[in-house]
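Here is a briefing on one protein structure. Keep the sequence and the 3D view open while reading.

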Amino acid sequence: MNKPLRRASIFCLSLIVALMGWATWIQGAKAGDYREDPHNPRVAIGKYAAPMGNILVGGEPVTGSAATSSTLKYKRTYKDGPLYAPVTGFTSQIYGSNQLESLYGDLLDGSDSRLQTPADALTRTRAKGGDVATTIDPAVQKAGYRALAGKKGAAVAMDPATGRILGMVSTPSVDPGKFAGSAGSDQRAWKKLSGDAEHPEVNRALRQPLPPGSTFKLVVAAAALENGLYSSVDEPTDSPDPYTLPHTRTKLTNENASAPCKNADIRTALQYSCNTVFAKMAVDLGKDKVKAQAEKFGFDDDKVDTPVRAGKSVYPSDMDEAQTALSGIGQFDDQATPLQMTMISSAIANGGELKKPQLVDKLTDGGGNTVQDFGPATYGDGRTMSARTADQLQSAMQTVVDKGTGSGAKIGGLTVGGKTGTAQHGVDNSGTPYAWFVSYAQDGKGHQVAVAVMVEDGHAARNEVSGNGLAAPTARAMMKAALT
């Protein structure tokens with residue numbers, strides 16, 4: 001073979017080797033990346049080629065699949081979509097997915113390797129989609145949704161003993177089925193949703209941190225008892241009325257000018273929601289001790305997963321004493337989600353032990369066999385306060401409902417404890433306040449439930465906004481549904 005021909009042959013052989021190497025790289029090492037790339041149309045074609053598995057509430061599916069005439073053979077459907085949207089999230093042929101639909105998308109569409117039989121793996125056949133069983137109690141969910149109708153707000157109900165989330169409501173809500181497909185009507189529904197000033201797409205129960213107002217006083221009370229500032233909820237405090245914020249001339253007063261807040265004990269201060277008592281208490285404790293107690297409940301943790309990740313609740317760090325005083329009554333830069341406030345009342349109801357919030361009970365394959373089971377788990381080290389402190393706060397919260405500002409949560413035959421909150425916002429507090437209520441109920445037979453409700457806008461006059469008037473009825477409805 002002459003020299004030019006030999007060079008040409010070597011060059012061609014090199015091209016063939018390079019091509020084979022590149023093909024091997026694409027089909028082997030990079031195959032997974034291409035297969036999972038959301039921009040690859042085959043991903044969507046495979047996902048919607050057959051009916052998907054379902055998300056279950058109370059053992060019954062609240063999702064489904066409907067045949068289409070397009071390339072994507074099926075689209076997602078939702079039963080009582082607005083009711084369960086904060087739980088399920090959505091999955092759309094055009095707009096992707098979120099929440100449980102996204103987190104367990106592989107299980108639901110059958111591509112999860114745990115669903116494959118040896119034959120499926122050998123033939124690369126997609127298995128039948130599995131199901132996601134939630135912890136939601138449909139009666140609790142419906143009670144909360146009905147009670148919040150017409151309001152912008154959210155509510156979370158949780159079993160303190162297990163951490164199981166029994167209800168998670170966010171209003172206004174969305175119907176995920178309206179944009180599940182690819183038709184023009186779906187696109188118009190998405191455009192309308194995206195332009196809605198009320199932002200119904202936001203899961204306010206998990207993702208809307210707001211000032212918690214006076215409900216945060218429970219955190220300060222726990223810190224005071226745990227750090228020995230006061231020995232019990234019935235020991236008088238050192239609390240002037242009004243209270244001048246440290247290093248300022250600003251006098252902090254109480255909403256009820258006739259309330260017996262001067263030197264009031266913690267029980268009375270919670271009963272009348274005395275700002276002066278808890279502002280002074282936060283300063284006496286110091287911001288670091290209050291922060292340490294708040295973090296035991298979940299504040300400042302940006303990885304609270306239900307498994308859907310919750311927004312971060314914040315207790316601020318860099319504060320002077322005047323700001324610390326305001327933070328002690330749930331103002332300044334305090335931020336909390338309804339889930340976070342449920343965790344606080346849950347820990348109090350459960351003797352100081354906090355369980356990790358849990359929205360999913362188990363995952364099953366297409367035949368109903370369990371793929372993964374989720375049992376109760378502690379949050380952090382589990383212990384937020386001593387059992388004695390928890391008992392003291394339970395008793396004080398019962399006084400709030402029986403004799404104080406939380407009377408709207410009373411339920412015959414149940415022991416109920418609660419704490420109201422009205423959080424100011426806007427420039428110079430010009431906005432409509434947020435109404436809060438955190439609570440727990442026990443039936444005396446070992447069953448209990450913890451609930452937190454936030455009403456961001458109840459369309460009430462500013463002077464008519466209160467945790468008892470706007471938020472407590474929703475908590476009452478959910479607790480009653482859970483225990484009666």
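D305 counts as partly exposed because its relative accessibility is 23%; buried means under 20% relative accessible area, exposed over 50%, and partly exposed in between (1.4 Å probe, protein chains only). D305 and R309 join their side chains in a salt bridge, 2.7 Å from N to O. A salt bridge here is a side-chain nitrogen of Lys or Arg within 4 Å of a carboxyl oxygen of Asp or Glu. R309 is partly exposed too, at a relative accessible area of 38%. Elsewhere, salt bridges with shared partners link K47, D109 and R126 into one network.

This is a predicted model, in which local features need pLDDT of at least 70 and side-chain atom pairs count only at pLDDT 80 or more, while totals for chains, interfaces and linings use all residues. Residues are numbered from 1 along each chain as its sequence is written, and side-chain values use heavy atoms, with hydrogens and water left out.

**Salt bridges**

- Side chains of opposite charge can pair when their charged atoms come close.
- The count by this rule is 14 salt bridges.
- One of them joins the side chains of R76 and E101, at 3.0 Å from N to O.
- R76 sits in strand β4 (residues 74-78) and E101 in helix α5 (residues 99-103), so this pair ties together parts 25 residues apart in sequence. Helices (H or I, at least four residues) and strands (E, at least two) are DSSP runs, numbered from the N terminus.
- R76 is buried, with a relative accessible area of 0%. E101 also counts as buried, at 0% relative accessibility.
- K280 bridges to D238, with the closest N and O atoms 3.5 Å apart.
- K280 belongs to helix α13 (residues 275-285), and D238 to the loop between α11 (217-226) and β10 (243-244), so the contact ties together parts 42 residues apart in sequence.
- K280 counts as buried at 14% relative accessibility, whereas D238 is partly exposed at 49% relative accessible area.

**The open sheet**

- Five strands make an open sheet with mixed pairing, in the order β2-β1-β7-β13-β14. Two strands pair if DSSP finds at least two bridges between them.
- β2 (60-61) and β14 (370-373) are the edge strands, each with a single partner, so one side of each has no neighbour in the sheet.
- Strand β1 (residues 55-57) runs parallel to strand β7 (residues 131-134), paired over two bridges.
- I55 has V132 in β7 as its bridge partner.

- Strand β8 (residues 152-158) pairs with β9 in the antiparallel sense, over six bridges.
- G153 stands opposite T171 in β9.
- Six residues lie between the strands of this hairpin, where G163 adopts a positive phi near 85 degrees.
- How covered is strand β9 (residues 165-171)? Seven of its seven residues are buried.

**A nonpolar surface patch**

- L13, I16, V17 and M20 make a nonpolar surface patch of about 410 Å².
- Patches are made of residues with over 30% relative accessible area and no salt bridge; like charges are joined within 9 Å, nonpolar side chains (Val, Leu, Ile, Met, Phe, Trp, Tyr) within 5 Å. Accessible areas come from the Shrake-Rupley method with a 1.4 Å probe, and for residues only the protein chains shown count as cover.
- L13 lies in helix α1 (residues 3-27). L13 counts as exposed, at 52% relative accessibility.
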